[in-house]
Amino acid sequence: MDKKTPLYDRHVALKGKMVSFGGYTMPVQYGKGILAEHMAVRTKMGMFDVSHMGEVLFEGKGALPSLNHLLSNDYTNLPVGKVRYGTMLNEKGGVIDDLIVYHLGEDRYMVVVNAATHDKDADHMAKNLLPDTRFTDISEDTGLISLQGPMTKDFLPALVESGELPAVYYSEKEHVVIGGVDCLVSRTGYTGEFGYEIFCSANEVGKIWNLLLEKRGEDLLPCGPGARDTLRLEAAMPLYGHEMDETVSPLETGLDFAVKLGKKEFIGLSALLAEPPKRERIGLKVTGRGIVREEEDLYLGDHKIGRTTSGTYCPYLKGAYAMALVPRETVTIGDTVLADVRGRKVACEVVPLPFYKRK
């Protein structure tokens, strides 16, 4: 049985197209459709219910050592109020999940994990804590709204009653009061656009949603996971279960920046050091006719070299794009490869990542 987020009834009232997504019943899109929602985020504003994401707390003197033991990035020098991406690996160096760490205060961290991997993540973390660490899963008590798009820079500050919004990318502020609700607000997102993410009590997240709808005018659209996926692919952001999983090293999927091989230790480090990455993530612009989607066989000439991991039509770029995992140094920028789409070979050009980057 799929779970429901605290905003479920509001999605139904807005006539969202409800589908199963990550173990939750979610509105994949609303009446105006994915194209309109995508373009709203790129040119104006869009808001997403992402309350299905998981949140866990690490507290106590062992919190930082536990995070550095569990995750591939190094959080030793992460200042209070800043946010840092990372990956959690198995002993073979495969990705259990990618996640974001928030340094809330002395010996106090919040980690945001993917909805579909929440249970296995929490279990793995709990089993691998170092001494003097308090681990608390606050997912069921937390609501989360992602407000994304260039106009959010002026829109959200006007709704803040007290406290201050985070000023730079990958930072956060606690005790920001919006609509009478005490919130944690971060400058993060999964769209490649300027935006904020608003955390608050699950019991009060509806107040934030209602306020944003009330004040939005014509410039803000409610958006579903459908647009979130096209936006993240256009920005070439990897998605767990597609560009990475427990058989894929973070070094193979372009996440080198989040892997600190010079750390004293973390789970999976030995495996990464023992075996150099054999694959790499590449970007593809579809030059032939059609759309290339995930899990399409990829050919260089007559030789199969790999499979696509994600692919779709990207509305802002007005073209079809895809990502793929292939053996390292098999192709270079400008090469033509062929994707097998239901028995038909579709030409693609190897292009740099990301496809879209906010100016």
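Mentor: We begin with pairing: two strands pair if DSSP finds at least two bridges between them. Strands (E, at least two residues) and helices (H or I, at least four) are DSSP runs, numbered from the N terminus. The model is predicted, so that local features need pLDDT of at least 70 and side-chain atom pairs count only at pLDDT 80 or more, while totals for chains, interfaces and linings use all residues. Residues are numbered from 1 along each chain as its sequence is written, and side-chain values use heavy atoms, with hydrogens and water left out.

Trainee: What makes strand 16 and strand 19 a pair?

Mentor: Seven bridges join strand 16 (residues 279-286) to strand 19 (residues 319-327), where at least two are required. The two strands run antiparallel. G283, for instance, has M323 of strand 19 as its bridge partner.

Trainee: Which strands close into a barrel, and in what order?

Mentor: Six strands do so, in the order 16-19-18-17-20-21, with antiparallel pairing. Their twist averages 45 degrees from one strand to the next.

Trainee: Why are strand 6 and strand 9 called edge strands?

Mentor: They belong to an open sheet of five strands, ordered 6-7-8-5-9 and paired antiparallel. Strand 6 (83-89) and strand 9 (134-137) each pair on one side only. Strand 6 pairs with strand 7 (residues 95-105) over seven bridges; Y85 has I100 of strand 7 as its bridge partner.

Trainee: Why is helix 2 called oblique to helix 7?

Mentor: Their axes, lines fitted to C-alpha atoms over the stretch in contact, are compared by angles from 0 to 180 degrees between N-to-C directions. Helix 2 (residues 33-43) and helix 7 (residues 225-234) come within 8 Å and cross at roughly 55 degrees. Angles under 35 degrees count as roughly parallel, over 145 as roughly antiparallel, 65 to 115 as roughly perpendicular and the rest as oblique. Helix 2 is therefore oblique to helix 7.

Trainee: Which residues make that contact?

Mentor: With contact meaning heavy atoms within 4.5 Å, helix 2 supplies I34, E37, H38, V41 and R42, and helix 7 supplies G226, A227, T230, L231 and E234.

Trainee: Which residues of helix 2 are buried, and what covers them?

Mentor: Buried means under 20% relative accessible area, with a 1.4 Å probe and protein chains only (exposed is over 50%, partly exposed in between). G33, E37, H38, A40, V41 and R42 are the buried residues of helix 2. Their cover includes strand 3 (24-29), strand 4 (45-49) and helix 7.
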